[in-house]
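Please open the structure in your viewer and keep the selection tool at hand.

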Amino acid sequence: MKLLVGYATTEGQSRKIARHVADRLADAGHMVELLSLTDGEGLALDRFDRAVLVASIHAGQYRKELTSFAQDNALWLRRQPVLFLSVSLAAAGHESEDWRGLDRIVEDFAEVTGWTPDRAEQVAGAYRPSEYDLFKRFIMRRIIATKDPGADLDTDREYTDWPALDALVDDWIVG
Ligand SMILES: Cc1cc2nc3c(=O)[nH]c(=O)nc-3n(C[C@H](O)[C@H](O)[C@H](O)COP(=O)(O)O)c2cc1C
């Protein structure tokens, strides 16, 4: 199969996840194109059988390039099997209010773009103080201190569950 793995990232975790997924699909014998959605304008999607889209949440929203890509390609995305991986820190926890918030973000995204992902999965991202400016550092330290009281606030930390992600991708590709 020929697959597109597209990503929209701010601090790099969605790119890392997209690369990981692309490698796994390539190892399984598929032809894979990995693309930053900042370069997605005008892409001819007809040559792909399926797509994986990976995008992170910042302040309750996905990046603009994902929204534009989904709006421009809504027809194709509705027709073909697509795995949408939504990357956030809320997905690292178990608070039902946070998870309802994540569902709402996907619903709002679907309304704005005209594309409701047939398979949307929440994936835990990363805390990366090394990538934050002072303002982001201040906000994120407060969030992490409440959500993960044991965390070292000065050190980058990945919450992504790689084996669970592999299982998810393996399940989707055979479906
Ligand atoms: C300024 C800022 C705002 C964020 N807002 C949210 C949010 O609203 N909900 C959430 O669950 N995670 C939020 N996060 C966490 C990111 O989704 C998480 O760090 C993710 O791994 C970022 O992925 P990226 O590196 O691909 O951009 C935020 C992170 C930053 C730095």
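Select Thr113 and Phe109 and display their atoms: a polar atom of the Thr113 side chain lies 2.8 Å from the backbone oxygen of Phe109. Please note that the model is predicted. Thr113 belongs to helix α4, which covers residues 96-113.

Is Thr113 buried or exposed? Its relative accessibility is 6%, so Thr113 counts as buried, the limit for that term being under 20%.

Next, select residues 50-58, which form strand β3. Of its nine residues, eight are buried, so strand β3 is largely enclosed by the rest of the structure.

Which strands pair with β3? The following selections show them in turn.

- Residues 2-8 form strand β1, which runs parallel to β3 and is joined to it by six bridges. Select Val5 to find its bridge partner in β3, Val52.
- Residues 82-88 form strand β5, also parallel to β3 and joined to it by six bridges. Here Leu53 has Phe84 of β5 as its bridge partner.
- Residues 61-62 form strand β4, which is antiparallel to β3 and joined to it by two bridges. Select Ile57 and, opposite, Tyr62 in β4.

Finally, select Ala59, in the hairpin of β3 and β4. Two residues lie between these strands, and Ala59 takes a positive phi near 50°.

Technical notes: Residues are numbered from 1 along each chain as its sequence is written. This is a predicted model: local features need pLDDT of at least 70, side-chain atom pairs count only at pLDDT 80 or more; totals for chains, interfaces and linings use all residues. Side-chain values use heavy atoms; hydrogens and water are left out. Buried means under 20% relative accessible area, exposed over 50%, partly exposed in between (1.4 Å probe, protein chains only). Helices (H or I, at least four residues) and strands (E, at least two) are DSSP runs, numbered from the N terminus. Two strands pair if DSSP finds at least two bridges between them. A polar contact is a pair of N or O atoms within 3.5 Å; within protein, one must be able to donate a hydrogen and the other to accept it, and residues adjacent in sequence count only if both atoms are side-chain atoms.
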